[in-house]
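Reader: Could we go through the helix packing of this model together?
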Amino acid sequence: MDPVDPLSSPDRDRAPAPMVVAASIGAVQGLVLLLLAGAELANLSTERLALGTTTSAFFALFGLLLLACSWALTRTATWARGPLLLAQLIGLGLAWSFRGTWAVVVVLALSSGIAIAGLVHPETMRALGDEPHA
């Protein structure tokens with residue numbers, strides 16, 4: 001049998017598991033933001049029409065950005081890691097601001113922490129070309 005060359009292997013272009021986990025968490029966060037945008041639109045009132053529409057638009061755009069970056073990251077697009085990493089750092093800051101509601105703190109901190117670990121994992125760095133091949 002011929003030895004398999006790792007550089008010509010069909011698995012070379014596949015996203016490594018840590019990167020897929022990080023992208024999956026980003027996608028779930030994007031979907032949650034889209035749900036929050038819908039909930040905000042559903043609760044609009046005339047007293048806070050401008051605030052409600054801009055908040056909903058922000059949540060929707062941020063959710064779509066997370067979904068797009070998550071999808072692109074699974075296709076090893078190098079540009080997608082930066083926005084996802086920034087979103088996870090923002091998630092850690094949000095977790096700190098929700099100190100009184102421990103369920104939210106735990107979910108935000110754990111999901112953001114796991115995603116950050118996946119985004120800076122050596123396999124992810126190597127797949128994106130940010131670390132030389134061993």
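Predicted model: local features only at pLDDT ≥ 70, side-chain atom pairs only at ≥ 80, totals over all residues.

Author: Residues are numbered from 1 along each chain as its sequence is written, and side-chain values use heavy atoms, with hydrogens and water left out.

Reader: How do H3 and H4 cross?

Author: The axes of H3 (residues 81-97) and H4 (residues 102-119) come within 8 Å and cross at roughly 150 degrees. Helices here are DSSP runs of H or I with at least four residues, numbered from the N terminus. Axes are lines fitted to C-alpha atoms over the stretch in contact, and angles run from 0 to 180 degrees between N-to-C directions. H3 is therefore roughly antiparallel to H4, a term for angles over 145 degrees.

Reader: Which residues of H3 and H4 make the contact?

Author: Among them are Leu-84, Leu-85, Gln-88 and Leu-92 of H3, and Leu-108, Ser-112, Ile-116 and Leu-119 of H4; contact means heavy atoms within 4.5 Å. By class, the contact has twelve nonpolar, five polar and one charged residues. Ala, Val, Leu, Ile, Met, Phe, Trp, Tyr, Cys and Pro count as nonpolar, Asp, Glu, Lys and Arg as charged, and the others, Gly among them, as polar.

Reader: Is Ser-112 buried or exposed?

Author: Ser-112, in helix H4, is buried, with a relative accessible area of 1%. Buried means under 20% relative accessible area, with a 1.4 Å probe and protein chains only.

Reader: What is Ser-112 in contact with?

Author: Leaving aside neighbours within four places in sequence, Ser-112 contacts Gln-29, Gln-88, Gly-91 and Leu-92.

Reader: Now H2 and H3: at what angle do they pack?

Author: They pack at about 130 degrees, with axes 9 Å apart. Phe-62, Leu-66, Cys-69, Ser-70 and Leu-73 in H2 meet Arg-81, Pro-83, Leu-84 and Ala-87 in H3.

Reader: How many residues has the largest nonpolar core?

Author: It has 17 residues, and those with the most contacts inside it include Leu-66, Leu-73, Leu-84 and Leu-119. Such a core is a set of buried Ala, Val, Leu, Ile, Met, Phe, Trp, Tyr and Cys residues joined through side-chain atoms within 4.5 Å.

Reader: Which helix gives the most to this core?

Author: H1 does, with five residues.

Note on methods:
Helix = DSSP H or I, 4+ residues; strand = E, 2+ residues; numbered from the N terminus. Parallel < 35°, antiparallel > 145°, perpendicular 65-115°, else oblique. Buried < 20%, exposed > 50% of the residue type's maximum accessible area, 1.4 Å probe, protein only.
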